[in-house]
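User: Please take me through how some of the labels in this model are assigned, setting each value against its definition.

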Amino acid sequence: MEKANESRTYTMTIAGLERTLPLCRLNEHLSIAAFVIFGDVELTVASAAELLKKAPEFDVLITAEAKGIPLVYEMARQSGKPYFIARKYPKLYMSHPISVDVRSITTDKEQTLYLDESEMAVIRGRRVLIVDDVISTGESLRALEMLVERSEGKIAGQCAILAEGDAIDRKDIFYLEPLPLFEN
């Protein structure tokens with residue numbers, strides 16, 4: 001764990017690109033560096049390329065709504081593989097959605113993720129790469145794992161641009177850079 005600096009920012013290099021992240025206070029003792037990929041096309045493209053170099057063989061990509069969407073789209077575009085987004089709410093197009101509950105470190109309440117039976121049919125029997133922007137507690141990954149398993153897919157791997165906190169030491173994921181936690 002690092003000590004939060006006076007400027008309340010953290011500068012790091014990700015996929016060869018330098019970025020300065022603002023520190024956000026979680027509680028009186030702990031802050032995290034806020035990593036938001038939205039709008040950063042250069043970082044999204046570079047990160048997708050680097051993750052694909054590390055990825056095992058896969059047939060389909062999946063992420064949770066919302067921050068992983070630009071990354072999973074770019075990985076799908078570069079690889080030519082289809083992707084799915086586990087939605088936060090059931091949509092009208094979903095005829096028979098399945099759901100799992102998740103509680104993430106960056107969300108203040110429990111959420112539910114949904115996948116439709118038509119998406120499940122594509123996943124069935126295929127190798128699925130789970131994608132996220134940051135892995136911290138692993139709760140989002142667990143929810144996606146459950147959706148893939150309920151769809152009878154095979155988890156090929158799990159990846160993120162950054163791993164934070166205890167996720168840094170996990171052996172079942174791959175990522176581009178570690179992201180420390182910060183003492184206040």
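**Helix crossing and its surroundings**

Analyst: Helix 1 passes helix 2 in a right-handed crossing, a crossing being right-handed if the near helix is turned clockwise from the far one by less than a right angle, and left-handed if anticlockwise. This is a predicted model, in which local features need pLDDT of at least 70, side-chain atom pairs count only at pLDDT 80 or more, and totals for chains, interfaces and linings use all residues. Residues are numbered from 1 along each chain as its sequence is written, and side-chain values use heavy atoms, with hydrogens and water left out.

User: What makes helix 1 oblique to helix 2?

Analyst: Their axes come within 9 Å and cross at roughly 60 degrees. Angles under 35 degrees count as roughly parallel, over 145 as roughly antiparallel, 65 to 115 as roughly perpendicular and the rest as oblique, so helix 1 is oblique to helix 2. The contact (heavy atoms within 4.5 Å) includes Thr44 and Val45 of helix 1 and Pro70 and Leu71 of helix 2.

User: Why does Glu50 count as partly exposed?

Analyst: Glu50, which lies in helix 1 (residues 41-54), has 30% relative accessibility and therefore counts as partly exposed, since buried means under 20% relative accessible area, exposed over 50%, and partly exposed in between (1.4 Å probe, protein chains only). Leaving aside residues up to four places away in sequence, Glu50 touches Ala15 and Leu176.

How values were computed:
Helices (H or I, at least four residues) and strands (E, at least two) are DSSP runs, numbered from the N terminus. Axes are lines fitted to C-alpha atoms, for helices over the stretch in contact, and angles run from 0 to 180 degrees between N-to-C directions.
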